[in-house]
Amino acid sequence: MAILKGVLGAAVGYALGFALVAAVQLAMGNPVGGAAPVVIGSVLATAGWLLGVGLWRAWAREWFGLEPDRETPTGPGRYFRFTTDHKVIGIQYLVTFVIVFGLAGLLAMVVRWELLTPAADLGGDAYNQVMSLHGILMVAVAVAAVLGGLGNYCVPLMIGARDMAFPRLNALSYWLVPPVAALLLTAPFVGGWDSGWTAYPPLSVVNGGGQVLFVVAIVIFGLSSILGGLNAIATILRMRAPGMTLMRMPIFVWSVLAASIISLLFTQFFAASLILVLLDRVAGTTFFEAAGGGSPLLYQHLFWFYSHPAVYVMILPGFGITLEVLAHFSRKPLFAYKGAVAGFLGIVGLSGIVWAHHMFTSGMAHFMNIPFMALTELISIPTGLVFLSALGTIWRGRLWLRTPMLFALAVLFNFAIGGVTGIYLADVATDLHLQDTYFVVAHFHYTIVGGEIFALMAGIYYWYPKITGRMYREGLGRLHAVWMFLAFQLVFLPLFVAGIHGMNRRINEYVEPLQGYNTFSSVAAFALGAVFLVALGNLAWSWARGPVAEANPWRASTLEWTTSSPPPLHNFERTPEVVGDPYPYGEPGAAHVRPVVVPTIAGGSE
Amino acid sequence: MAATTEHLRHEAESPAERLRTNRLGLWLFIASESFLFAALISARYYLLGTERSEHLNQPLGFLISLVLLTSSLFAYRAETAARFGDQRGFRRATATTIALGLLFMVGVVLEWREGLAFFPPSTLYGSAFFTLVGFHAFHVFTGIVALALLLWAGRDGRFGPENHWPVEGVIKYWHFVDVAWVFIFPTLYLVK
Ligand SMILES: [Cu+2]
């Protein structure tokens, strides 16, 4: 079995790496041990895992002039193998990150439980570790669930391709993820790390041994995300069906393209900044150590040069799903399609020149404050274009309020709050007061959870019949949407106020007068957590027993709905021919694809 | 159960189209890697400005740069030979490229031995120097491994006019690693 071989390969790799470094240490007369053998061991373990799980069988043999195995496995076993079908890989990503999302959600419950009362229940150290793990796992979900999951599954279908441009690279990107999870989940047992997902030095250079595993994990995750981005760009630029010009692509495809450009290029900076942390810890360099002339601020520059654009890796595909769903469920062409595309590209363009708005209080040179404030606020122009497109689309549309549409509308509301509160943080004067308070926490949860995760839910329900071939229960879906929307507001609205009143982030104790906001938020958080049980029950049960879905239950116009649910191995029986805009609703004679598909009645759960 | 599939081979795509897709993929990868070197180079300037150590072995640095740049010439010959099906020329030029790459690595080792004495990693310049050279040398190393694999896989004469992408891809990567050094060398040795 592939996974067993992978685990074996990982064990061999780890032993090899550890022994190698230990031998070098012995030869140089140094004491054996420390972080270096663990680092090299983990890297080689990842390589061993990949080779064992299928990289050798399906690909690496070729590098040695041997014939690789070109078989594509069928049956349920294929979900546990190194396989190249983008639909299988999309599901692998989705299921993996739903599990990670659940784990990180449980950690959020622990955080809110600790903050229920002003007193410390958990202890500072444990709290910091819980908060850090919650942070990085959720960041991983936000980076990879939509792009790796829905992007992988839907983009080739939506552009009429048979698969991604580099199917084996796609499999490699996915199979890099389990080592990341394993390393992050091992970290708490080897000292943990308490520096949050941001891992600022000097703390990250001197803290517990778990930080080392964190660094290795994130560098591997970065590689996965770079290769995934590369693949998505090449797929979108090179694999489109005849007639699918760039301006006829569904808007979700554009958003994946834009986000992939960012992950392809900027992720290197996150990797580089963390590797420098590792070198400071392991190799005795002095990049971030002030005593040796280094500068902790350098880390923040490198880190935010990636991590600000990273929020667009998260939110752009969220925008894409939202606009997609809004157009189909308003039964109107997407309003200002070109404007939305320009908005996406404008966001990509600006994303690389605003990073220091995270550093107004960090001690960087003051002359940088005003330029970075101004540049950051410029982002509201392309973002405004996207919003304009959304509002123009639903304006006087015949809104079909099914589950995906409810989530998409929620995104508009949430992101409006997230966006407007962002202005206060981009503004130097107000940021001096709000920096590192719960106002920041509430703000980014409104953008990432309120924006992207709600959009992820919209996407999951929207493409659920396509992916699973079955229909979920609409009533439970709507319940999920409404419940999650309300609970989400109740969790995070009070936290804005707590932040304004000076409640710091990343603390496990706080002063008495802040208790009202926190207790309220915590109780709401438990309610928010509970809704996912309903959702999971609905989605899991329907996958096994739900009514069989037809090819096009939404009577939607784009290509993925012209093939069966789920689609056959090569996606389309015949290469589709695209003849017009993606959302030809209400335009007599207009069509996206030929032959024009005449939709039958809607799915069984109506 | 397993169904043999053609979809790994992208039979919908002609070989010429596949070649263009592969090339795009490689260029994207190179763009991404450039950002990595940009990050490290900017860290050097951020920490030290244009300050550099007085103890650099300038002749050695110049020499290994020359070796690496010359290797690109032979790499180019290897690619051309493969494209025209000249097996002997391909093998000889590839082997020469590998040899020059190894020579460069030897130079790096010598450079490091001297450097450790004058500016160890615990100094600011040492941090920048060893990290940048180390990252680059790692790329050279991966390039050497890839070239060696080409030589090994191509021993049956499989690379020719119809099948030269593996050669072209590795050689382009090799050129990129050389070009990266063209930026790193002045950053460490020349600016002042
Ligand atoms: Cu930012």
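These legends walk through close-up views of a predicted model.

**View 1. Where chain B meets chain A.** Let's start with the contact itself, which draws on 46 residues of chain B and 50 residues of chain A. Putting the two chains together buries about 4,000 Å², and carbon and sulfur atoms account for 67% of that. On the polar side of things, nine residue pairs are in polar contact across the interface. On chain B, the elements that each give two or more residues to the side touching chain A are β1 (2-4), α1 (15-48) and α4 (124-153). Helix α1(B) has the largest share, with 21 residues. Sort the residues on that side of chain B by type and you get 24 nonpolar, 13 polar and nine charged.

**View 2. The salt bridge across the interface.** How many salt bridges span the interface of chain B and chain A? The rule finds one. Its partners are B:E17 and A:R238, and their closest N and O atoms sit 3.3 Å apart.

**View 3. Three histidines on the copper ion.** Here we move to the metal, where the protein donors are A:H308 through ND1, A:H357 through NE2 and A:H358 through NE2. These donors lie 1.8 to 2.0 Å from the copper ion. Read along the chain, they follow the spacing H-x48-H-H. A:H308 and A:H357 come from distant parts of chain A, 49 residues apart. A:H308 belongs to helix α10 (residues 296-330), while A:H357 is in the loop between α11 (337-351) and α12 (369-378). Are A:H308 and A:H357 buried or exposed? A:H308 counts as buried because its relative accessibility is 7%, and A:H357 counts as buried too, at 9%.

View 4. A:T376 is found in helix α12 of chain A. Its relative accessibility is 12%, so A:T376 counts as buried. The side chain of A:T376 reaches back to the backbone oxygen of A:F372, at 2.6 Å. Setting aside neighbours within four places in sequence, A:T376 is in contact with A:V354, A:H357 and A:A426. A:H357 is one of the copper donors from the previous view.

View 5. A:D69 pairs with A:R57 in a salt bridge, with the closest N and O atoms 2.8 Å apart. This pair links parts of the chain 12 residues apart: A:D69 is in the loop between α2 (35-63) and β1 (71-73), and A:R57 is in helix α2 itself. A:D69 is partly exposed, with a relative accessible area of 24%, and A:R57 is also partly exposed, at 22%. A:R70 has two partners to look for: A:E62, at 3.9 Å from N to O, and A:E67, at 3.8 Å. How exposed are these side chains? A:R70 is partly exposed at 22%, as is A:E62 at 27%, whereas A:E67 counts as exposed because its relative accessibility is 56%.

Definitions and conventions:
Residues are numbered from 1 along each chain as its sequence is written. Chains are lettered from A and ligands numbered from 1 in the order in which they are written. This is a predicted model: local features need pLDDT of at least 70, side-chain atom pairs count only at pLDDT 80 or more; totals for chains, interfaces and linings use all residues. Side-chain values use heavy atoms; hydrogens and water are left out. Contact means heavy atoms within 4.5 Å. Buried area is the accessible area (1.4 Å probe) that two parts lose on being put together, summed over both. A salt bridge is a side-chain nitrogen of Lys or Arg within 4 Å of a carboxyl oxygen of Asp or Glu. A polar contact is a pair of N or O atoms within 3.5 Å; within protein, one must be able to donate a hydrogen and the other to accept it, and residues adjacent in sequence count only if both atoms are side-chain atoms. Helices (H or I, at least four residues) and strands (E, at least two) are DSSP runs, numbered from the N terminus. Ala, Val, Leu, Ile, Met, Phe, Trp, Tyr, Cys and Pro count as nonpolar, Asp, Glu, Lys and Arg as charged, and the others, Gly among them, as polar. Donors are N, O and S atoms within 2.8 Å of the metal (3.2 Å for Na, K and Ca); water is not among the atoms, so sites may look incomplete. Buried means under 20% relative accessible area, exposed over 50%, partly exposed in between (1.4 Å probe, protein chains only).
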